[in-house]
Amino acid sequence: MALDKTQIAQRIAQELQHNWYVNLGIGIPTLVANYIPKGIDIEFQSENGLLGMGPFPIEGTEDADLINAGKQTVTILQGGSLFDSAMSFAMIRGQHVQLTVLGAMEVAQNGDIANWKIPGKMVKGMGGAMDLVASADNIIVAMMHTNKRGASKLLKKCSLPLTGVGCVKKIVTNLAVLEIVEDGFKLLERALGVTVAEIQNATEGNLIIDGEIPEMKL
Amino acid sequence: MINKVVKNVEEALKGVESGMEFMLGGFGLCGIPENCIGQLVKLEVNDLTCISNNAGVDDFGLGLLLQKRQIKKMISSYVGENDEFERQMLSGELEVDLIPQGTLAERCRATGAGIPAFYTPAGYGTEVAEGKETRKFNDKMYVLEHAFNPQFAFVKAWKGDTAGNLIFKGTARNFNPMMAMAGKITVAEVEELVEAGELDPNQIHIPGIFVQRIFQGTAYEKRIEQRTVTPKS
């Protein structure tokens, strides 16, 4: 069974380490916050100027002056802090944030990522994505293995305009967990019941299969 | 203390003309200078270049200026929430310069801090870096980005005093402090204007030196773009 979006988030949450500051992108990455492993302290950074982001506010207590990078009303946890956009991106560029999780339209086997622009379609902008991918030490991409037309999103080379070059370290899809290594996507884990052949079929880029590939544990 | 107070928004926007370049604070609809935007609509100035992280929604924020076709060029990082914006952009009526959010923030900061340009890794190897100088530092590639040169900066603060000192609230701070530093004339509208001495100097986010005009804003709507809540149970 391929994973659903919630399960992708659950698998990514296993990557979280104690005392990390983490920036979660919009979409599947946001769901990761719901699955922080027990005993692990994490602070979420929202690039519009908030550290220690908490859950959505209790109905009736929402505050127009407290939103996340997706413009949703949120809360701030005890010990959280607020700052301006220049300081926020100083945290990001200065590599004070240990992990960035974001979505992608395409990832190339050299770690290039494309997630902001489809030529000929309305371009909304890159927001903070280019700053995040250019600087983060550890970038995990959360996405479906193939697009809506069934074409692979794990490619030899991105066809869409790039967001960043050579930056992605790990990818968690509905089919597999993969790591970017020197000559391609190294298959680390497969979704429960998904075969290596199925993953190979859905991967256009060079897939490196080294020995027995374990199933993910959720 | 130097007194920065102007009577009202009309006086605050004196000298604003068509064809000028402005900075406008805010992230989404959070922390936008509502009163100043309203006055720009009233003044019917056009051919404006607006530096602002977003472009408002159809009927609020910078969307109000777009409706009246007062904006010639937007410099933003993300503009997705506005149908009129999309229409004008696709028809070529509106020029749009999309730049990474951190680069936008730092370009604003550099403007106010007397730094003409700086290197950032954001956008290296992408179309954002096309035509720009690049350079390697410590085995990593960086792109040279430049400061802006806006005639006016319009910012919104929570509290301010007559000396122009500002305190922001929550994530409404966002781009407002750097933009306050960057304007040749910085206009600050505040929810609560107090006498000099009433704000704790330890708590001031932007010292009054950066602010040329300050006024008590009125009728704040503070619209929420995405109301997300946890149900009472």
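**View 1. Salt bridges in the predicted model.** This is a predicted model, and it holds 20 salt bridges over all chains. One of them joins Glu215(A) to Arg190(A). Their closest N and O atoms are 3.5 Å apart. Find Arg190(A) in strand 12 of chain A, residues 184-190. Glu215(A) sits in the segment after strand 13 of chain A.

View 2. Chain A has an open sheet of 10 strands. Read across the sheet, the order is 4-3-2-1-5-8-10-11-12-13. The pairing is mixed. Which strands stand at the edges? They are strand 4 (75-82) and strand 13 (207-208) of chain A. Each of these pairs on one side only.

**View 3. Strands 3 and 4 of chain A.** Here strand 3 of chain A, residues 50-54, runs antiparallel to strand 4 of chain A. How many bridges join them? There are 4. Follow one residue across: Leu51(A) has Ser81(A), in strand 4 of chain A, as its bridge partner.

**View 4. Where chain A meets chain B.** In this interface, 45 residues of chain A are in contact with 51 residues of chain B. The area buried between the two chains is about 4000 Å². Carbon and sulfur atoms give 60% of that area. Which three residues supply more than any others of the area that chain A buries against chain B? They are Asp65(A), Lys71(A) and Met122(A), which supply 19% of it.

View 5. In one of them, Lys169(B) pairs with Asp65(A). The closest N and O atoms of this pair are 3.1 Å apart. Between the two chains, 27 residue pairs are in polar contact. On the side of chain A that touches chain B, helix 3 (85-93) and helix 4 (129-135) of chain A are the elements that give two or more residues. The residues of that side divide into 21 nonpolar, 13 polar and 11 charged.

**View 6. The sheet of chain B.** Chain B has an open sheet of 3 strands, in the order 5-7-6. The pairing is antiparallel. Strand 5 (117-120) and strand 6 (134-137) of chain B stand at the edges. Each has a single partner strand, so one side of each is left without a neighbour in the sheet. On average, neighbouring strands of this sheet are turned by 40° against each other, direction ignored.

**View 7. Strand 7 of chain B and the helix on the sheet.** Strand 7 of chain B, residues 140-146, pairs with strand 6 of chain B in the antiparallel sense, over 4 bridges. Look for Thr134(B), which stands opposite Val143(B) in strand 7 of chain B. Helix 5 of chain B, residues 101-113, packs on the sheet. This helix touches strand 5 and strand 7 of chain B. Its direction makes about 155° with that of strand 5 of chain B.

Technical notes
Residues are numbered from 1 along each chain as its sequence is written. Chains are lettered from A and ligands numbered from 1 in the order in which they are written. This is a predicted model: local features need pLDDT of at least 70, side-chain atom pairs count only at pLDDT 80 or more; totals for chains, interfaces and linings use all residues. Side-chain values use heavy atoms; hydrogens and water are left out. Two strands pair if DSSP finds at least two bridges between them. Axes are lines fitted to C-alpha atoms, for helices over the stretch in contact, and angles run from 0 to 180 degrees between N-to-C directions. Contact means heavy atoms within 4.5 Å. Buried area is the accessible area (1.4 Å probe) that two parts lose on being put together, summed over both. A salt bridge is a side-chain nitrogen of Lys or Arg within 4 Å of a carboxyl oxygen of Asp or Glu. A polar contact is a pair of N or O atoms within 3.5 Å; within protein, one must be able to donate a hydrogen and the other to accept it, and residues adjacent in sequence count only if both atoms are side-chain atoms. Ala, Val, Leu, Ile, Met, Phe, Trp, Tyr, Cys and Pro count as nonpolar, Asp, Glu, Lys and Arg as charged, and the others, Gly among them, as polar.
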